[in-house]
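Please keep the sequence and the structure in view while reading.

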Amino acid sequence: MADAVDLTLFNAISLLLPPVSELQQDLESQLKNERKIIDTIMDPKVYDTTTPADPPAEVLPLFFLDHVESLNEEQQLMVLHGGILLIWKDRRLSWNASEYGNIKEIIRRKTQLDGKLWLPKIYLSEIFFRTVNILNFEATEITINDKGYIHCMVNVVVKTTCHFEYDYYPYDNQNCSFTMYSPFTIEKMRFADYGGAEKTRYQTRSGKPSKIDVGDFALERIESKNIFLLPGSKVVESPDRYPKKMVRSVFWFNLIFRRHNIFYTTRMAMPLFTISCLTYAFCLLQSYHGLIWLLLCLAVQIMNDAILMENLPPDYTEMPAIGFVATLVLFETILLIIWRFYTIFTIQAMPDRSDIHTRIALVENFLCLYFVIRIIHIYIRLF
């Protein structure tokens, strides 16, 4: 019964579709009109492929990030996959769609249009540390519409260096940047100021857009900016004060990653905070038992600090907050052990010196207040 219903629906849909021969004729007509457009607007007798239509050509760069393959902290390297879309206008490549079967756009591979139209030279210096003209890629897709706008889309894999700073670990932001530039001066070509970058958004099962993350880092945002380069690699914000034949346009992209170390609290912050609280608590025991517990806390701290140093990121210029707290607590523990040795020895050696006992009691009261403040301070620094 179900098979009969499916067959009936299939036959009904088939009646609504045009015959195959008609579809083939439409396709042949479209291809014929597209070839006619290409032969007309790209005729070498009227089209000069060595120069843009109205110099300087303004190229709009758009970068779409698909995913980050790796972010290596030790080598300070990032590998990402994405797409670059370049848009500019060439009035010589416009046509009247009504004269060509209402064809409003043509899509071709770059290899199919080699030598037939002017293309800007766009280089990425971070294609695995090689300087490459991205529009020379065979997979580059070129779309031309009837208004003369050209869209070039190319997929790239970028490997670039990053600048890591760990002063605010584990709440640190890391920057990885790469540049796009042209050997043409701004007399011939420049990038548009309103170019930009965007993360490719995929919908998760919950309906929320996916996040781009790698390792301990999540991509927070992408910055982009048009800057200008003078001879001698001098960077300027505006080319207005310099001869155009000396200035090149450079487009800069910067990816900002924020650390989201999910093991920081359980493996690093909580053990250090617990050991600190226990150390301060055992110091309040004015006896040999308190001294023994302080010595045990010192041993545990030394082991914990060794593990902590192994987990800290490499090559930091300033000690991260958790490393500073661990070092200070270790130093305090040593001083507290010395203090407890002194108090026990003094009380036993001079049991009749009430003035010394009074001073020791004042210091002990001060330490109680100090420990409360230190616990609050450590909590704020770590969490």
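## The nonpolar cores

A nonpolar core is a set of buried Ala, Val, Leu, Ile, Met, Phe, Trp, Tyr and Cys residues joined through side-chain atoms within 4.5 Å, and buried here means under 20% relative accessible area. The model is a predicted one. Its largest nonpolar core has 83 residues, of which Leu86 and Phe257 touch the most other members. At least three residues of this core come from domain 1 (23-259), and at least three from domain 2 (262-382). Another core, of five residues, lies apart from it and includes Ile186, Leu230, Val236 and Val247.

What does Leu86 touch, not counting residues up to four places away in sequence? The list consists of Val59, Leu60, Pro61, Ile122, Ile134, Leu135, Ile150, His151, Cys152 and Met180.

## Helices α3 and α6

Helix α3 spans residues 264-283 and helix α6 spans residues 354-382, and their axes come within 10 Å and cross at roughly 175 degrees. Angles over 145 degrees count as roughly antiparallel, and α3 and α6 are therefore roughly antiparallel to each other.

On the α3 side, the residues that meet α6 are Tyr264, Ala269, Leu272, Phe273, Ser276, Cys277, Tyr280 and Cys283, while α6 contributes Glu364, Phe371, Arg374, Ile375, Ile378, Tyr379 and Leu382. Sorted by class, this contact of α3 with α6 is made of twelve nonpolar residues, one polar residue and two charged residues.

## Two residues of helix α5

Arg340 belongs to helix α5, which covers residues 321-349. Is Arg340 buried or exposed? Arg340 counts as buried because its relative accessibility is 0%. When its neighbours within four places in sequence are left aside, Arg340 is in contact with Cys283, Leu285, Gln286, Ser287, Leu291, Leu294 and Glu364.

Leaving aside neighbours within four places in sequence, the contacts of Thr346 are Ile356 and Ile360.

## A residue of strand β7

Thr161 lies in strand β7, which runs over residues 149-163. The relative accessible area of Thr161 is 46%, so this residue is partly exposed. Although Thr161 and Leu71 are 90 residues apart along the chain, their C-alpha atoms are separated by 9.5 Å.

Terms used
Residues numbered from 1 in each chain as written. Predicted model: local features only at pLDDT ≥ 70, side-chain atom pairs only at ≥ 80, totals over all residues. Heavy atoms only, no water. Helix = DSSP H or I, 4+ residues; strand = E, 2+ residues; numbered from the N terminus. Buried < 20%, exposed > 50% of the residue type's maximum accessible area, 1.4 Å probe, protein only. Contact = heavy atoms within 4.5 Å. Domains from an automatic or database assignment. Axes fitted to C-alpha atoms, helices over the stretch in contact; angles between N-to-C directions. Parallel < 35°, antiparallel > 145°, perpendicular 65-115°, else oblique. Nonpolar A, V, L, I, M, F, W, Y, C, P; charged D, E, K, R; others polar.
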